[in-house]
Amino acid sequence: MTMTPISQTQKKTDLLALTLPQLQQWLKDRGEAPFRAKQIYNWLYRQLETDFSAMSNLPQSLRQRLSEEACIGPTVIRSELHSKDDRTRKILLELSDGKLVESVLMLYPPLKESSSRATVCVSSQAGCAYGCTFCATGQMGFDRHLSAGEIVAQVLFFARELRTTPWTASGLPGSTPIDHITNIVLMGMGEPLHNYTNVLQALRILNSNDGFNLGARHMTVSTVGLVPAIRKLSQENLQINLAISLHAPTDELRSRTMPVNRKYPLAELLAACKDYIATTKRQVTFEYVLLSDVNDTAEYAEKLAELLAPLKQFAHVNCIPVNATSASYQTPGPDAIRAFRNILFERGISNSVRAERGDDIAAACGQLRTRFENSRKAPVVPVVTPQA
Ligand code: SAH
Ligand code: SF4
């Protein structure tokens, strides 16, 4: 794949940051025909092209101009890791100012009635300002928001990879290979609703019928619980899924593990969720990172069920056994997880558990960058693919 050197991308317009109308305007401003925008969108998002000179239905002069004034994503891949079973792939991207972010591709073979999936876990910021105690990204502090183009580029990277080499689950030779991205989740580094404008712009770009055409129902935004932004999101008339990082059912415990709770305590957060459900008629997922002997006791399961009871069938809990970071948290064992979930089931709260995956490549977001920076004394690591 062609990588544009960083020095050449500065000051150029990143086309991946533009909606179709914005690209039309960009061309118009340069005296070019706006109808070329759809052709360019086709090259970028359907053909997944990375080289302007290959855009054969554009006049030579426009191709030349694009290569001088525009770029397709500002990123350089510093490292790519595949888990042993190749169901998880993780990249470390270096942005044009040297900041590092992670993106993860998760591959799911078909299971019963559900078809196979290829989900990209996207970063929305370099670092994060919210400092949740169990999160590797939270321990880094906040660097900056990502642009819409930097968000879109993460998805396109994996889309190109699957287009070139479709994935088939090993051990499932009959299953159809996956050659495209089916879902995206904003669960990488950063708080997406803190970078509201760029995140929504990126989702609209990826949703465009003239381009990548990924349905909004296949997109999930996960938030630490920024109440005003949740309220704003409810007014956008979008079909995207909302996930709330709850992680504790009492203010006392939540404020200890998630400092944001002091600003937006549970009563305000739950009220915003209730209004979101009333406006959008959509279910909300509540993520609950299970921290052994901290928030996974029977007492907390009861409290969680009580807290969510008013939302009835519109609440779903996703239990996530914590991925151990440098903080001193332990992952609960299977019995503790089962006991916690059973209490929720008994109280009528639908729930699931996120399968652990990709441990051998540091799957919890922020861990790869942390590992990379700790070893940064060694110069550039181009592409690292451990033994499959
Ligand atoms: N900032 C957003 C989205 C990014 S984090 C948010 O907090 O929701 C995506 C999810 O991963 C969140 O639910 C977050 O709480 C969870 N997470 C963070 N650190 C984790 C860890 N060490 N193990 C498991 N999940 C973790
Ligand atoms: Fe930020 Fe989300 Fe990590 Fe909390 S869990 S520190 S909000 S990325």
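Mentor: Happy to! Keep in mind that this is a predicted model. Let's start with ligand 2, whose shell is made up of 5 nonpolar, 3 polar and no charged residues. The residues around ligand 2 are C128, Y130, G131, C132, C135, G138, G190 and V224.

Now move to ligand 1, where the shell divides into 9 nonpolar, 8 polar and 2 charged residues. Of the 19 residues around ligand 1, those that come nearest are S222, S245, H247, E287 and N323.

Next, look at the polar contacts. A polar atom in the side chain of H247 lies 2.6 Å from an oxygen atom of ligand 1. The side chain of E287 has an N or O atom 2.9 Å from an oxygen atom of ligand 1. On its own, ligand 1 has 520 Å² of accessible area, and the protein covers 91% of that.

Before you leave, turn to helix α5, residues 148-164. Because 15 of its 17 residues are buried, α5 is largely enclosed by the rest of the structure. You can check its length too: at 1.5 Å a residue, the 17 residues of α5 should span 24 Å, and the end C-alpha atoms are 25 Å apart, which agrees.

Key
Residues numbered from 1 in each chain as written. Chains lettered and ligands numbered in written order. Predicted model: local features only at pLDDT ≥ 70, side-chain atom pairs only at ≥ 80, totals over all residues. Heavy atoms only, no water. Helix = DSSP H or I, 4+ residues; strand = E, 2+ residues; numbered from the N terminus. Expected span 1.5 Å × (residues − 1). Buried < 20%, exposed > 50% of the residue type's maximum accessible area, 1.4 Å probe, protein only. Near = heavy atom within 4 Å. Polar contact = N/O pair within 3.5 Å; in protein donor to acceptor, adjacent residues only side chain to side chain. Areas by Shrake-Rupley, 256 points an atom, 1.4 Å probe, with all protein chains shown as cover. Nonpolar A, V, L, I, M, F, W, Y, C, P; charged D, E, K, R; others polar.
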